[in-house]
Amino acid sequence: MKKNTGKEAPGIGILGGGLAGVALQHFLRVPSEVLEKEDRPGGLCRSWEADGVVCDRGPHIMFSRDGETLKEMVDILGVNVEKHFRRNSIFYRGRFVKYPFENDIHALEPEDRYRCLKEFLFNPEAGREVRNLEDWSYRMFGPALAEAYFLPYNEKIWKHPARELGTEWVERIPRIEADDMIKSAVGVSTEGYTHQLHFYHPREGGIEALVRALMRNRPRLITGAEVTGLERNNGIWKVKTFKGEREYPEVVCCLPVNEMLGFLKPAPPPEILEAAGRLKVNGLVLVLITYPRAEPADRLAVYIPDPEILPHRVSWVNYLGGRLVPPNLHAAMAEITLPGGADSEAPDVNAIAKKTTEQLRRLDLIPSGVPVKTRAIWEPYGYVVNTHGYSRDRELILEYCRETGIETLGRWGEFAYLNMDAVWKKARLLAERMNKDR
Ligand SMILES: Cc1cc2nc3c(=O)[nH]c(=O)nc-3n(C[C@H](O)[C@H](O)[C@H](O)COP(=O)(O)OP(=O)(O)OC[C@H]3O[C@@H](n4cnc5c(N)ncnc54)[C@H](O)[C@@H]3O)c2cc1C
């Protein structure tokens, strides 16, 4: 890679080529260059091809409460997009409960159904002070519902007790009205989380098709360019990468901000590095299990709150359309979070895949007696974990980046629980501001 200089190529250096980085470049009207460490862009939105199956790294469905953003995402895919109806269940004590759990308590044993309804309507925890996610769930749902699904599921995915988790993200969770809860108990069908009742997904290529569509027009991207150093001299940012050095007058960090602070020069003050050290990540093991099929997939996903079972969710890729999976196969993807993410050693994914397959067969979610093929991968950056103090540490870090002149963007650039729609919208807004500033 030829060394550039900030003067001859006065572009914006975008560090990290996940959705955030490529969407930002798409919206920018000024020159920019994306530096990506992997051999292709996309990050968490890359597709994974194995045994003839094209799947996402954990199914990525396109939905949003923001109609304009969703339309932009859908439109850019042209004809390569399909609308789907969400058909998900929770696997609870050996039976399927329609997702979200509170909208189908009729599916529970009569005694459980009665307790869930009674404690929702006459909640003995209605006055509980909310200091953490556990308090919030007792106050919001009542003890029976909280203990049946919300708490075990959340503790399973976040790998922390709910009393150690903050409540900053609870506004993402739609509230159920008493009327719907009564309908749910007596068996009148209702739908919850209606903003994702219908969703979109590319017909072909998996969710990476979205990234490819963004790159279609003007990709200026260097792959295999892991960024290892960042230093400002005389108003120009010097960026060290595995492929040599680049210079830019402006940079946007779309790679994990905690890692960027580790190679920034001069080194940030100790309180910033300590705050970065406290940020927590959960990594993710993805297990793809393929087996012969007689019928089509009847649901996209099954959520499993049982703490004894490794995966918190299993999804059937063939529910997303016929072009992703060979016609005679089922492709089930199980997701397992592990605490520590990038800070921990890579787990033994084959052992996890084996145990997962055995457990899913035992639950009859995967039929026994049919041959299966199993593949597994490890994704060290899966989920930002909102433990106490997270918001304060994050704000401190982002403020420091702003003062230092580094823009941050995306799930890891901003260290926030952002879905694709939020990343997309933030990329558009940042590009509009940067376009105007020049
Ligand atoms: C299991 C799972 C399921 C999800 N499902 C959905 C869903 O259904 N719907 C939805 O809207 N969203 C979903 N999301 C969220 C979605 O994946 C993210 O919002 C989005 O992909 C974040 O993009 P990003 O660019 O911010 O981060 P990333 O995709 O993590 O991109 C970061 C990029 O930086 C690169 N990088 C890292 N370090 C360096 C370095 N030193 N030098 C250069 N490059 C570097 C990485 O390789 C990567 O390409 C899901 C996420 C997960 C984990």
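A crossing of two helices is called right-handed if the near helix is turned clockwise from the far one by less than a right angle, and left-handed if it is turned anticlockwise. In this predicted model, the crossing of helices H4 and H5 is right-handed. The chain is divided into domain 1, made up of 12-44, 208-278 and 388-437, and domain 2, which covers 100-190. An open sheet of 7 strands has helices H5 and H10 lying against it.

**Domains**

- The centres of domain 1 and domain 2, taken over C-alpha atoms, are separated by 37 Å.
- Contact between the domains involves 4 residues of domain 1 and 4 residues of domain 2, and the side of domain 1 that touches domain 2 consists, by class, of 2 nonpolar and 2 polar residues, with no charged residues.

**The open sheet**

- The strands follow the order S7-S6-S16-S17-S18-S15-S19 with mixed pairing, and the edge positions are taken by strand S7 (95-98) and strand S19 (373-385), each of which pairs on one side only.
- From one strand to the next, the twist averages 25 degrees.
- Strands S6 (residues 88-92) and S16 (residues 301-303) run parallel and are joined by 3 bridges; within this part of the sheet, Ile90 stands opposite Tyr303 of S16.

**Helices against the sheet**

- Helix H5 (residues 143-158) lies across S6, strand S15 (280-292), S16, strand S18 (329-339) and S19, and its direction is at about 95 degrees to that of S6.
- Helix H10 (residues 349-362) also packs on the sheet, where it touches S15, strand S17 (313-316), S18 and S19, and its direction makes about 105 degrees with that of S19.

**The H4 and H5 pair**

- Two packed helices are described by the angle between their axes and the distance between the axes.
- The axes of helix H4 (residues 133-141) and H5 come within 8 Å and cross at roughly 145 degrees.
- On the H4 side the contact comprises Leu133, Glu134, Ser137, Tyr138 and Phe141, which meet Pro143, Leu145, Ala146, Phe150, Leu151 and Asn154 in H5; by class, this contact has 8 nonpolar, 2 polar and 1 charged residues.

**Strands S1 and S2**

- Strand S1 (residues 12-15) runs parallel to S2 and is joined to S2 by 4 bridges, with Val34 in S2 as the bridge partner of Ile14.
- In a regular strand the side chains alternate between the two faces of the sheet.
- In strand S2 (residues 32-35), Ser32 and Val34 point one way while Glu33 and Leu35 point the other way, and all of these residues are buried.

How values were computed:
Residues numbered from 1 in each chain as written. Predicted model: local features only at pLDDT ≥ 70, side-chain atom pairs only at ≥ 80, totals over all residues. Domains from an automatic or database assignment. Contact = placed C-beta atoms within 7 Å. Nonpolar A, V, L, I, M, F, W, Y, C, P; charged D, E, K, R; others polar. Pairing = 2+ DSSP bridges. Helix = DSSP H or I, 4+ residues; strand = E, 2+ residues; numbered from the N terminus. Axes fitted to C-alpha atoms, helices over the stretch in contact; angles between N-to-C directions. Buried ≥ 20, exposed ≤ 12 C-beta atoms within 10 Å, placed from the backbone.
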